[in-house]
Amino acid sequence: MTRTPVPAAPPPGRRAVLVSLAGIALAGCSRRTTQQSGTPAPSTSRPTASAAPSPSSALPHTTPWRPTSAEVQPAAKLRAVRMVEAIGAWTAGRGGAAAARARVAALGLPTGLVGQAGPLLSTADQAALQVVDAQYGGILARSASVLVVCRQWTRHGDTVRAGGTTVDVRLSASGGAWTVDALHPAQPGPAARSLAPDVRAALADDRIVLPPAAAADLRSGQVHTGVARAMLALARTYRLEVSVVRSGHPLDVFGTSRPSDHPRGRAFDVWRIDGHAVVDPATSRSLIERFMRDAAAAGSYNVGGPVLLSGGGPDQFFSDATHHDHVHVGFRT
């Protein structure tokens, strides 16, 4: 588990709905399919970066991401996010792997994971990072995949560059506490020389909000046109904020050996619809249900979310703890 240049703040958190997962294995995103592939009203639960400041050499103000009490396992998400924030943001003079290891050590997490940070680390003088969303790639009784979607700004001298990535953070639980075991940053690949018209249209549509890794996925030419076509169809009715498309997602449905549709460029996840976070209990269930049914009508054979719908084709709709915080939209081709 989208954005215009500066992410909008998500809706407020909801009251606690903690689900015990002991002994229950719940499938990851795209039930048919644990390794790694490749602006609404503001909120206090999912803060986001402010507009780019002046002068141009200054970095935007960012705020720490916090889970809502409605998360299935808020502690797991918070652990994953804090790791990414610690590695991907630093003040002047605190760049480099050694300083990042010190920040990670202060969290009580394994410092060797800094070597897996990929694009989060650079030679920049200074960096700011804003988590857009953290969604599950899968959750089991004692392990989890949390997909941390982020934007990052780096300052090189007087130049500020905007970027970002999605990191599949793997965690395990022991004694009631979560620790981070591995980091798998997205690998979208280089931009293609030419793109299908529907893909170009999806990239240009301001009602389809894409975070950096998802936009790079589309630009890579490795996403099926049916995905872009469905995004465009849904954007005629909704403003959809995408979290994950192809990269930054487990290769297999978490906890299984079934290939996920995401790494094959056959799926996308939506974390916010018309400014309302899927995980927020204040979000109308009817809005989510309509969106899920419209996704099926747009050609998806496999639609998952927090609501279990009836009808459709065999197993067309599904719901589980992993999809408590987003809507999965999968395609055969």
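β3 (159–174) gives the second largest pocket the largest share of its lining, five residues. Along with β3, β2 (143–156) supplies at least two lining residues. Strands here are DSSP E runs of at least two residues, helices H or I runs of at least four, numbered from the N terminus.

This is a predicted model, where local features need pLDDT of at least 70 and side-chain atom pairs pLDDT 80 or more, while totals for chains, interfaces and linings use all residues. Residues count from 1 along each chain as its sequence is written, and side-chain values use heavy atoms, without hydrogens and water.

The lining of that pocket includes C150, Q152, R161 and T165.

Now for a pair of helices. The axes of α3 (residues 197–204) and α5 (residues 225–235) come within 8 Å and cross at roughly 45 degrees. Axes are lines fitted to C-alpha atoms over the stretch in contact, with angles from 0 to 180 degrees between N-to-C directions.

Here's who meets whom, with contact meaning heavy atoms within 4.5 Å:

| Helix | Residues in contact |
|---|---|
| α3 (residues 197–204) | D198, V199, A201 and A202 |
| α5 (residues 225–235) | T225, A228, R229 and L232 |

Definitions and conventions
On a 1 Å grid over the protein atoms alone, a cavity is a set of points where a 1.4 Å probe fits but cannot get out, and a pocket is an open set with protein on both sides within 12 Å along at least five of seven lines; lining residues have an atom within 4 Å of a point.
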